[in-house]
Amino acid sequence: MTLKAAVLNAQCSAATALFDTASLHTADPAGTGANEDPAVDQAALTWSAPSNGVSTATATFSDVSGDWVAVGLWNSSTFEGSFPRTISMAVADDLTVAFQVRVAEDA
Amino acid sequence: MPKIPGIPTTGNRAPQLVTGSKGVGVLVNTATEMTVMPKLSASDDFTNLSKWVTVYGTPTITSGMLAGTGVVRYKNQAFTDSMQASGVVGSIGTGKTRLIICADESVLRYYALEVSRGLTTTFSIIKGNSASSVESSTGLIGALFSLFFSLFSIFSESTTKFDTTTVTLNVSDEVSVWYDRATSTIRTYINGVPTGCSLEVERSEIPHGPGFRWGGVAQGITALNPGVRFTSYTLEDV
């Protein structure tokens with residue numbers, strides 16, 4: 001069975017709709033979004049239209065410095081989860097976090 | 001993998017009900033992957049050297065440009081091996097300047113674009129083996145410099161140069177060097193346009209990965225000659 005791209009795209013859109021902002025965390029966010037860096041504003045995510053089950057978005061944290069251990073994902077004010085990432089910036093610069101969601105038929 | 005309730009990651013299966021050829025329901029499994037990649041987008045306009053670590057020599061800021069003689073390393077490291085450094089040309093003097101990428105923290109091993117100005121302007125790919133890779137000039141003054149420098153063991157020529165290409169370079173041009181990780185090739189650009197100067201390198205000839213993603217500039221490589229000076233610098237993951 002081969003799924004049409006439209007099916008994969010629909011599932012991809014359903015997934016990306018869960019996330020509209022990203023955050024940076026100085027320690028484990030656990031299941032609640034804890035330890036979010038108060039000095040860094042959350043960054044908005046704008047997802048691309050899915051193509052062949054793939055959609056991308058970027059979050060830009062402007063002029064930030066610090067050390068972080070996780071990137072959090074939010075749906076409005078609801079914490080949806082996090083990815084562990086060690087990020088260190090000694091001096092203030094722009095940090096972009098690139099996201100990709102890919103839905104594929106599981107062989 | 002992350003704890004994302006709505007996103008089953010690889011290995012988790014989300015059955016998808018579709019209609020088969022005879023109208024019979026068929027369950028097809030799909031897998032959803034999510035990747036998250038931090039990318040650096042750093043910049044400096046050489047108002048001062050607060051964003052730089054002096055690795056060697058006495059670099060200075062002159063008229064909003066990096067000047068003097070020395071090697072500086074940017075304080076933020078790229079997040080991927082596929083890093084690109086760029087500099088906007090503020091002045092073009094006789095001498096050599098290097099844009100450094102893929103360096104270790106001490107800038108002992110690295111790749112670089114060397115911009116050399118003599119009768120013509122050339123680009124070369126440099127493989128560096130020491131931060132003190134600065135040449136001395138010839139003649140009496142050069143000999144004195146060499147003596148001075150050798151006394152302190154700070155100037156030792158330990159680079160190899162490849163693929164020298166003549167280019168046309170003007171003030172305000174942006175020169176760039178990128179380590180194309182996918183093909184393990186050092187590529188160079190002027191205003192985003194590829195030059196003829198590029199070099200495929202062995203993936204393992206210098207270390208890569210975290211700790212080996214620093215960028216820098218070597219200024220005033222040839223004693224008494226300023227070389228190209230940059231008014232701004234960017235370092236980014238591509």
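The structure is a predicted model, in which local features need pLDDT of at least 70 and side-chain atom pairs count only at pLDDT 80 or more, while totals for chains, interfaces and linings use all residues. Side-chain values use heavy atoms, with hydrogens and water left out, residues are numbered from 1 along each chain as its sequence is written, and chains are lettered from A and ligands numbered from 1 in the order in which they are written.

**Chain A as a whole**

- Chain A has one helix and four strands, where helices (H or I, at least four residues) and strands (E, at least two) are DSSP runs numbered from the N terminus, and the order of these elements from the N terminus on is α-β-β-β-β.
- The C-alpha trace of chain A spans about 50 × 25 × 25 Å along its principal axes.
- Of the 107 residues of chain A, 46% count as buried, a term that means under 20% relative accessible area, with exposed meaning over 50% and partly exposed in between (1.4 Å probe, protein chains only).
- Among the contacts in chain A with a separation of 6 or more, 65% come from residues 24 or more positions apart, a contact being heavy atoms within 4.5 Å.

**Residue A:L24**

- A:L24 lies in strand β1 (residues 21-25) of chain A, and A:L24 is buried, with a relative accessible area of 1%.
- Leaving aside neighbours within four places in sequence, A:L24 is in contact with several residues, including A:V40, A:F61, A:W68, A:I87 and A:L95.

**Cysteines**

- A search of the whole structure finds zero disulfides over all chains, a disulfide being a pair of cysteine sulfur atoms within 2.5 Å.
- For B:C102, the nearest cysteine sulfur is that of B:C197, 15 Å away.
- B:C102 is buried, with a relative accessible area of 1%, and B:C197 also counts as buried, at 0% relative accessibility.

**Nonpolar cores**

- In soluble globular proteins, nonpolar side chains tend to be buried together.
- A nonpolar core is a set of buried Ala, Val, Leu, Ile, Met, Phe, Trp, Tyr and Cys residues joined through side-chain atoms within 4.5 Å, and the largest one here has 66 residues, with A:F61, A:L95, A:F99, B:L99, B:V175 and B:Y233 having the most contacts inside it.
- Strand β4 (residues 78-105) of chain A gives the most to this core, with nine residues.
- A second, separate core of 11 residues includes B:V71, B:I100, B:W214 and B:I221.
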